[in-house]
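Visitor: I am new to this structure. Could you take me through a few of its residues?

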Amino acid sequence: QTVTALGAHAFLNCTGIVRIDWYPVKLTSGAAGNMENPAFKGCTGISEVRIYDTAEFIPSYLFYKAANPTAKKGITTLSFRGTSSVKEIGDYAFYQARMGTVTFPASLEKIGKESFRNCNLLKVINFGTGLQSIGQQAFSNCNSLENLTIPGNVKTVYAYAFRDCAKLSTDEIAFNYTILFVK
């Protein structure tokens, strides 16, 4: 790995990028946590993101709008490689992605606000055993999600975490233990 930082709009509209291998890379202040300047916005050719075991954090807005749902383009595969050490997925990180299944590593503790919102093809979520918090609207508008098991280690599911998941009904949600819902 030689790149250590990415700036605002570093790869804006680079539709020819098809795969990202993510190692720990810092985003500069103009790119980090900024919905106006995410590093991969408009990179609708990205179909696969591989998170490597040295990455502990996926920054907010990293792949925000790196998809074009109308043209049916965007991230279809998200995988965590090796013995993952990812502890947190930032806010809006995979907003509008097109993956059908996500399997989170045991190391993951927090899924940020709206991090998988509008992932309309997301049908299966496999939560890891370390997960403690699911952010506000984290999976809202995931219209293909049919059933869900929230592990007992999850302590907080924030408001609207699964809002407007059209195929998900309360009969299809399994809670392994009592959890707290907060706004």
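Predicted model: local features only at pLDDT ≥ 70, side-chain atom pairs only at ≥ 80, totals over all residues.

Visitor: Understood. Where is E114 placed?

Guide: E114 lies in a loop, between β9 (110–111) and β10 (124–126).

Visitor: Is E114 buried or exposed?

Guide: E114 has a relative accessible area of 9%, and because buried means under 20%, E114 counts as buried.

Visitor: Which residues is E114 in contact with, leaving aside its neighbours within four places in sequence?

Guide: Those contacts are Y92, Y95, Q136, Q137 and A138.

Visitor: Changing topic, what is the phi of K72?

Guide: The phi of K72 is near 55 degrees, a positive value, and K72 is not a glycine.

Visitor: Why remark on that?

Guide: Because most residues other than glycine have a negative phi.

Visitor: Where is K72 found, and is K72 buried or exposed?

Guide: K72 is in the loop between β5 (57–58) and β6 (77–80). Its relative accessibility is 63%, and the cut-off for exposed is over 50%, so K72 counts as exposed.

Visitor: What about the phi of D164?

Guide: D164 also is not a glycine, and its phi is positive, about 60 degrees. D164 sits in the loop between β13 (156–158) and β14 (173–175).

Visitor: How is D164 classed by its relative accessible area?

Guide: D164 is partly exposed, at 48%.

Methods
Residues numbered from 1 in each chain as written. Heavy atoms only, no water. Helix = DSSP H or I, 4+ residues; strand = E, 2+ residues; numbered from the N terminus. Buried < 20%, exposed > 50% of the residue type's maximum accessible area, 1.4 Å probe, protein only. Contact = heavy atoms within 4.5 Å.
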